Structure formats: C-alpha cells, structure tokens
Amino acid sequence: MSPIVLHPDDLPVKDRGGGIVTTPLVTAGRGSAAMLTGITRIGPGCAVPLHTHNCEECVIVLSGTGFAHIDGQDHPVSAQDTSWIPAEIPHCFRNTSDSEPLVIFWTYASIDATRTIVATGVTTRIDEER
C-alpha cells in the first residue's frame with residue numbers, strides 16, 4: 001500500500017443536516033488492521049444526534065469548544081482533547097460556541113464501522129455515508 005497525501009479541495013463533503021458537515025478522509029486496511037478516519041464540523045449551537053457504533057471510536061478535538069456526551073455524562077471538550085468511546089456506548093458531541101465551529105477528527109477501529117441513531121434505531125455503514 002502506498003502512502004497518500006490528501007488536500008482539502010480534493011475531498012468529498014457530506015452535509016448531514018442540522019449544522020453538521022463531515023469530510024471522510026481515509027479508508028485503510030493492512031492485514032488485520034483497518035480504520036476509517038474523517039473530520040466533522042459541528043456548527044455553533046448544533047449537536048450530533050445521540051448514536052452508537054459497532055466498534056471503538058477515537059475523537060480528537062481540533063478546534064472549538066463543546067461537550068462530549070458519553071454514556072449519559074457530559075464532559076467539556078476543547079482543542080487537543082481526546083475521547084475514546086467503546087463500541088455500543090451512546091455518545092454525541094455538542095458545540096457550545098455562538099460563533100465558532102467545533103471541529104473533530106475521528107477514527108473508527110474498523111472499516112466495517114456502523115452508526116446507529118439512538119432515537120430512531122436506524123443503522124448505516126459509515127463508508128456508505130460518503
């Protein structure tokens with residue numbers, strides 16, 4: 001597998017509605033190791049719906065301020081904070097700023113990652129959301 005360099009203008013953008021925009025970055029697999037990565041921008045005052053995944057997720061806050069709501073508890077987050085969320089744990093991120101986006105970099109521990117919205121029970125594969 002060859003390394004790659006990605007430039008923002010070359011990447012697809014997915015408008016998830018409600019002030020949430022996601023840019024999937026890399027789907028990579030090497031032997032038994034695989035991952036999906038991307039960046040999500042959460043608009044001022046907006047929140048990602050409460051959801052779960054079928055695999056572990058790591059989230060790094062790149063900029064902004066807000067709350068990570070993980071397994072029923074709110075945790076304040078700001079730039080450089082990192083969250084590790086086990087599979088099947090309900091979580092979401094909420095932007096508390098009036099003017100700046102909350103920008104998060106995420107990595108799923110599987111190329112077969114799914115998202116299930118808690119309120120609806122609807123499950124989608126992350127790689128099919130592009």
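Mentor: Start with one definition. Buried means under 20% relative accessible area, exposed over 50% and partly exposed in between, with a 1.4 Å probe and protein chains only. This is a predicted model, where local features need pLDDT of at least 70, side-chain atom pairs count only at pLDDT 80 or more, and totals for chains, interfaces and linings use all residues. Residues are numbered from 1 along each chain as its sequence is written, and side-chain values use heavy atoms, with hydrogens and water left out.

Trainee: Is Q80 buried or exposed?

Mentor: Find the loop between β7 and β8 (82-85). Strands (E, at least two residues) and helices (H or I, at least four) are DSSP runs, numbered from the N terminus. Q80 lies in that loop. Its relative accessible area is 70%, so Q80 is exposed.

Trainee: What is the phi of Q80?

Mentor: Q80 is not a glycine. Even so, its phi is positive, at about 80°.

Trainee: Where does D71 lie?

Mentor: D71 is not a glycine either, yet it has a positive phi of about 55°. Look between two strands, β6 (65-70) and β7 (73-78). D71 lies in the loop between β6 and β7.

Trainee: Is H51 buried or exposed?

Mentor: H51 sits in strand β4, residues 51-53. Contact means heavy atoms within 4.5 Å. Leaving out residues up to four places away in sequence, H51 touches several residues, including I89, C92, R115 and V118. Its relative accessibility is 4%, so H51 is buried.

Trainee: Which side chain joins that of H51 in a polar contact?

Mentor: A polar contact is a pair of N or O atoms within 3.5 Å; within protein, one must be able to donate a hydrogen and the other to accept it, and residues adjacent in sequence count only if both atoms are side-chain atoms. The H51 side chain also reaches a backbone oxygen, that of P49, at 2.7 Å. The side-chain pair is joined at 3.2 Å, and the partner is H53.

Trainee: Which residue in β10 stands opposite C58?

Mentor: Two strands pair if DSSP finds at least two bridges between them. Strand β5 (residues 57-63) pairs with β10 in the antiparallel sense over 6 bridges. In β10 (residues 102-108), 6 of the 7 residues are buried. Opposite C58 stands T107.

Trainee: How many disulfides does the whole structure hold?

Mentor: A disulfide is a pair of cysteine sulfur atoms within 2.5 Å. C46 has 17% relative accessibility, so it is buried. C55, at 8%, is buried too. Searching the whole structure gives a disulfide count of 0.
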